[in-house]
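Let us walk through this structure one part at a time. Keep the sequence and the 3D view side by side as you read.

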Amino acid sequence: MSDLQELYQSVILDHNRKPRNFGPLDEASGTAEGKNPLCGDQVEVAVKLDGDVLSAVKFTGSGCAISKASASLMTTAVTGKSRAEVEALFDKFHALVTGRAAEADITKEALGQLIVFSSVSRFPIRVKCASLAWHTLRAALEDGGADAPVSTE
Ligand code: ZN
């Protein structure tokens, strides 16, 4: 493992141990539940919108280290961003973990801390763990009281 991969690994482990923005969110504008049956990950994402800006995001749930760290890092990455910015970031993140991102786009400038998930693309089974929180966030932003949980299957 390279030094860089080791550093990324330690960020993931840190967010798994001490997830940021973990817990219920008061006065949420939208919530959604997500499940990844393949791994057993479960997440609930709650958002608060201030006009078009995501002013707060919190999550609860349980799952593997990747799913939890991804939810945690996602909340720190999207807080304060507009819906369009969140969508754009999700596209970049999804391209990264599915291995479709161009080498030139895999930079700290483009991805911020999300770059720590760059090795996930080499483990296809982990892609769903890493993207579960993001799919759930998208559902929470569109929440009109959707009844069915988001599923990666
Ligand atoms: Zn998982």
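Start with the sheet. This is a predicted model, and in it 4 strands form an open sheet in the order S3-S2-S1-S4. The pairing is mixed. S3 and S4 (150–151) are the edge strands, and each of them pairs on one side only. Strands of a sheet pair through backbone hydrogen bonds, and the pairing can be parallel or antiparallel.

Take S1 and S2 next. These two strands run antiparallel and are joined by 7 bridges. Thr31 stands opposite Ala46 in S2. The two strands form a hairpin, with 4 residues between them. In that turn, Gly40 has a positive phi of about 90 degrees.

Now move to S2 and S3. They also run antiparallel, and 9 bridges join them. Val47 has Val57 in S3 as its bridge partner. Leu49 has Leu54 in S3 as its partner. This hairpin has 2 residues between the strands. Here Gly51 takes a positive phi near 65 degrees.

On to S1 and S4. This pair is parallel, with 2 bridges. Gly34 has its bridge partner, Val150, in S4.

Stay with S1 (30–36) and look at its two faces. In a regular strand the side chains alternate between the two faces of the sheet. The covered face of S1 holds Gly30, Ala32, Gly34 and Asn36. The uncovered face holds Thr31, Glu33 and Lys35.

Asp41 has a relative accessible area of 2%, so Asp41 is buried. Cys64 stands at 17% and therefore counts as buried. Cys39 has 34%, so Cys39 is partly exposed.

What about bonds between cysteines? A disulfide is a covalent bond between the sulfur atoms of two cysteines. How many disulfides does a search of the whole structure find? The search finds 0.

Rolling a probe the size of a water molecule over the atoms shows where empty space is left. A search of the whole structure finds 1 cavity of 30 Å³ or more. The largest cavity has a volume of about 50 Å³. S2 (41–50), S3 (53–62) and helix H2 (65–78) each give two or more residues to the lining. S3 gives the most, with 4 residues. By class, the lining divides into 4 nonpolar, 6 polar and 2 charged residues.

Then there is the largest pocket. Its volume is about 220 Å³. The pocket is lined by 14 residues, and the closest to its centre are Gln9, Ile12, Ile66, Ser119 and Phe123. Helices H1 (3–17) and H2 each give two or more residues to this lining. H1 supplies the largest share, 5 residues. The lining of the pocket has 9 nonpolar, 3 polar and 2 charged residues.

Finish with two residues for orientation. Ala130 sits in helix H5, which spans residues 124–141. Its relative accessible area is 0%, so Ala130 is buried. Glu27 is found in the loop between H1 and S1. At 71% relative accessibility, Glu27 counts as exposed.

Ala130 and Glu27 are 103 residues apart along the chain, and their C-alpha atoms are separated by 27 Å. Now take Glu27 and Val47, which are 20 residues apart along the chain. Their C-alpha atoms are separated by 8.9 Å. Val47 brings us back to the sheet, where Val57 in S3 is its bridge partner.

How values were computed
Residues are numbered from 1 along each chain as its sequence is written. This is a predicted model: local features need pLDDT of at least 70, side-chain atom pairs count only at pLDDT 80 or more; totals for chains, interfaces and linings use all residues. Side-chain values use heavy atoms; hydrogens and water are left out. Buried means under 20% relative accessible area, exposed over 50%, partly exposed in between (1.4 Å probe, protein chains only). On a 1 Å grid over the protein atoms alone, a cavity is a set of points where a 1.4 Å probe fits but cannot get out, and a pocket is an open set with protein on both sides within 12 Å along at least five of seven lines; lining residues have an atom within 4 Å of a point. Grid points are joined across faces, edges and corners, and a volume is the space filled by probe spheres set on the points. Ala, Val, Leu, Ile, Met, Phe, Trp, Tyr, Cys and Pro count as nonpolar, Asp, Glu, Lys and Arg as charged, and the others, Gly among them, as polar. Two strands pair if DSSP finds at least two bridges between them. A disulfide is a pair of cysteine sulfur atoms within 2.5 Å.
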